[in-house]
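Good morning, and thank you for making time for this presentation.

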2 protein chains.
Amino acid sequence: MTKFAIVEKITINDIARLTGLSKGTVDRVLHNRGEVSKKSYEKVMSVIREKGYEPNLYASLLARTSHRTIAILLPKPLPGSYWDLAISGVEKATEDERQFGIETALFTYDEFRADSFRDVCTRVLESKPSGVVIAPMFQYETQVFVQELGARQIPYVFVDTKLDSPDGHLAFFGIPSYKSGYLCADMLLQGDKAKEVLIVRIMRDKERQSDPTVLRRAGFQDYMRENNPGCTIRSLFINPTDAEATDEALSAFFEEFPKVRHIVMFNSRIHLIVPYLERYPIPGMRIIGFDNLEANIRALKNGTVSMLIAQHPEKQVQEAIRTLSEFLVFQRKPETPDNHMHMDLLTRYNVEDY
Amino acid sequence: MTKFAIVEKITINDIARLTGLSKGTVDRVLHNRGEVSKKSYEKVMSVIREKGYEPNLYASLLARTSHRTIAILLPKPLPGSYWDLAISGVEKATEDERQFGIETALFTYDEFRADSFRDVCTRVLESKPSGVVIAPMFQYETQVFVQELGARQIPYVFVDTKLDSPDGHLAFFGIPSYKSGYLCADMLLQGDKAKEVLIVRIMRDKERQSDPTVLRRAGFQDYMRENNPGCTIRSLFINPTDAEATDEALSAFFEEFPKVRHIVMFNSRIHLIVPYLERYPIPGMRIIGFDNLEANIRALKNGTVSMLIAQHPEKQVQEAIRTLSEFLVFQRKPETPDNHMHMDLLTRYNVEDY
DNA sequence: GATATTTCCGTTACCGTGCACGGAATTTTT
DNA sequence: AAAAATTCCGTGCACGGTAACGGAAATATC
């Protein structure tokens with residue numbers, strides 16, 4: 001039998017006794033709030049180092065009256081969309097961290113308008129949060145915001161997209177975009193070769209700069225160049241808000257290129273092309289998309305979509321909040337700041353038990 | 001901005017004030033330790049119901065001196081084996097739950113000897129644990145053990161394999177074996193047909209009854225019957241402790257059936273056939289195995305193995321311990337007792353970020 | 001009705017930390 | 001050297017719950 005027992009911990013009273021000081025002084029040292037002579041400070045610190053003091057979390061939380069708030073900045077989600085999944089992660093994490101006196105405040109912005117993001121940033125700063133989670137869509141504006149956070153000593157964590165900042169983020173949670181495109185290509189071809197493949201893309205006039213789908217496409221193309229050089233990669237642009245036009249575009253495409261049997265989309269909207277394909281099924285078609293949206297999963301279950309690569313935004317956000325909470329409560333930093341999360345492969349046969 | 005705020009909670013002092021009793025009496029009611037008149041009991045209960053009292057966890061844990069121990073029964077792991085992964089989950093969970101005053105005690109037994117399991121069971125009972133996690137390999141012996149646990153009011157959770165017990169388990173964490181075999185077949189064929197496939201099996205004289213590989217094989221065979229009826233399923237038995245004999249067996253097999261291009265193993269030991277296949281590579285071979293053992297992952301990364309279906313025993317155990325801890329500390333039961341966990345598909349391109 | 005039992009309940013001392021308050025010790029000023 | 005200003009430090013209560021202890025109230029015994 002192996003026992004993983006609990007080691008006896010030292011208390012601030014013990015430290016007070018050992019140093020001949022009072023617990024008030026020990027407390028001042030522990031929290032760096034001054035009013036302590038150098039001599040006393042050193043005495044306390046040496047005992048702490050020697051005995052390895054760890055504060056009692058319960059006593060600390062019990063005694064502390066104030067709650068701390070973590071602000072979360074996400075693109076405003078449409079129902080059932082990618083960011084809607086992230087929100088469910090916020091809710092879950094809020095429950096989990098409540099026990100540590102952590103509250104959350106969700107701020108959403110228009111992911112295609114930089115001014116909307118700027119607005120939200122100032123509102124976040126006004127709310128004086130203890131920590132911030134950011135899904136950054138605008139490089140420059142985020143840089144400015146993050147600099148301000150650094151100046152105010154407010155820790156922040158990135159999700160979805162990383163942004164190297166001078167002051168340094170506490171952590172990042174996302175998936176490696178380039179590699180996900182590479183993986184996508186591998187899963188699409190399954191070791192075979194293809195003559196033609198189709199990438200369905202969404203057109204929009206966008207102010208937004210950091211777009212993971214660009215990197216995914218690059219990874220996809222590199223895989224093709226290396227493993228299937230004879231393949232023609234075709235692109236088709238659709239309008240996400242006009243289902244009829246989408247159907248027509250697809251119809252026209254397949255009239256022109258009837259031999260295409262492989263389709264991918266690098267954003268989370270594979271479900272947009274599903275209605276057409278269900279109405280006019282093409283045997284032997286292999287379709288891969290991204291992310292575990294409800295609509296995507298339905299298409300996966302009924303066989304229209306072959307596979308989904310899920311990055312699980314809900315988990316990313318949850319981890320981000322957990323990390324921030326741990327830092328605020330235990331002042332513990334994550335071992336590795338940059339955490340590339342697992343890309344989960346979903347098929348109709350393993351999606352149910354998720 | 002959406003706020004997920006913290007609701008104000010009522011304390012036992014509030015209850016004492018509202019009922020005109022003392023907090024000692026309130027405490028007696030809350031813990032059902034008698035010495036309270038019916039009249040007072042009702043007064044307290046009605047206030048609790050009305051105001052929705054929830055105890056303050058920190059205060060409770062701070063005041064409580066005693067620690068509780070969770071016993072964990074697993075097959076004795078060989079280094080780098082399936083059960084070794086589970087152990088890492090035990091270690092992780094122990095860290096996580098330590099903060100709640102939970103200790104763990106690991107008991108291992110010989111998974112092929114029922115008497116070894118019986119021995120361990122009695123030792124577990126002697127240790128008087130507050131809760132038990134069991135990976136059951138022996139149907140009857142487990143039934144007996146579990147009955148005894150029920151009689152002593154000790155909650156227990158199954159991992160890996162479920163066993164319907166009369167008294168009822170608190171929870172179960174595992175993957176659906178039959179479905180994993182079905183999924184495996186789908187991933188092996190990738191929509192194509194095959195003339196022949198090979199199942200490599202391990203022979204052993206076993207006392208053990210509940211073997212998930214049997215169910216996996218059934219799922220695999222059913223998939224084949226439904227989607228690829230013309231396929232011949234061949235079996236090859238190897239000796240896990242004799243690498244040379246394994247190589248010879250494989251060599252003989254491929255001499256007799258040189259056209260086979262699909263191999264699966266339903267246990268976690270796909271790595272056993274890797275050395276042979278690396279020495280005598282066969283182009284176009286597709287190989288699928290189970291579980292994220294170090295050796296398997298190496299073979300996945302260098303391309304010998306095409307895919308692994310991972311059930312992540314470390315997560316199963318971790319969840320099991322967490323559930324038990326939550327029950328002991330918060331007296332909260334899981335929403336659903338039976339939790340089929342996600343079957344994770346690993347390829348060389350998504351295994352790194354795990 | 002006095003005494004012995006039993007039932008019931010209030011008091012109190014913790015658990016370990018946070019933090020405000022007031023005062024002692026030390027340094028600066030005059 | 002005395003007074004004023006700082007610096008430094010100890011005391012004590014609060015946080016919410018646990019549980020032992022002893023005594024008051026209610027009931028039983030003779």
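Which residue of β11(A) does Ile288(A) stand opposite? The residue is Met307(A). Before I place that pair, two remarks on conventions. Residues are numbered from 1 along each chain as its sequence is written, and chains are lettered from A and ligands numbered from 1 in the order in which they are written. This is a predicted model, in which local features need pLDDT of at least 70 and side-chain atom pairs count only at pLDDT 80 or more, while totals for chains, interfaces and linings use all residues; side-chain values use heavy atoms, with hydrogens and water left out.

Let me begin with the sheet of chain A. Strands and helices here are DSSP runs numbered from the N terminus: E over at least two residues for strands, H or I over at least four for helices. Strand β10 (residues 286–290) of chain A runs parallel to strand β11 (residues 307–310) of chain A, and three bridges join them; two strands pair if DSSP finds at least two bridges between them. Both belong to an open sheet of six strands in chain A, ordered β8-β7-β9-β10-β11-β13, with mixed pairing. At its edges stand β8 (232–238) and β13 of chain A, each with a single partner strand, so one side of each has no neighbour in the sheet. From one strand to the next, the twist averages 20°. Angles run from 0 to 180 degrees between N-to-C directions, with axes fitted as lines to C-alpha atoms, for helices over the stretch in contact. Across β7 (196–202), β8 and β9 (262–264) of chain A lies helix α10 (residues 243–256) of chain A, running at about 155° to β8(A).

I turn to chain B. Here strand β7 (residues 196–202) of chain B pairs with strand β9 (residues 262–264) of chain B in the parallel sense, over two bridges, and Leu198(B) stands opposite Ile263(B) in β9(B). Helix α8 (residues 177–189) of chain B lies across β7, β9, β10 (286–290), β11 (307–310) and β13 of chain B, at about 160° to β10(B). Helix α10 (residues 243–256) of chain B also packs on the sheet, touching β7, β8 and β9 of chain B.

Now the interface. How many residues of chain A are in contact with chain B? There are 51, meeting 51 residues of chain B, where contact means heavy atoms within 4.5 Å. The two chains bury about 4,600 Å² between them, 60% of it on carbon and sulfur atoms; buried area is the accessible area (1.4 Å probe) that two parts lose on being put together, summed over both.

Two salt bridges are counted between chain A and chain B, the term meaning a side-chain nitrogen of Lys or Arg within 4 Å of a carboxyl oxygen of Asp or Glu. In one salt bridge, the side chains of Glu352(B) and Lys179(A) meet at 3.5 Å, N to O. Among the elements giving two or more residues to the side of chain A that touches chain B are α5 (82–98), β3 (102–109) and α8 (177–189) of chain A. β3(A) gives the most, six residues.

Finally, a search of the whole structure finds 30 salt bridges over all chains. Lys162(A) forms a salt bridge with Asp338(A), their closest N and O atoms being 3.0 Å apart. This pair links distant parts of the chain, 176 residues apart: Lys162(A) is in the loop between β5 (156–159) and β6 (171–174) of chain A, and Asp338(A) is in strand β12 (residues 338–340) of chain A.
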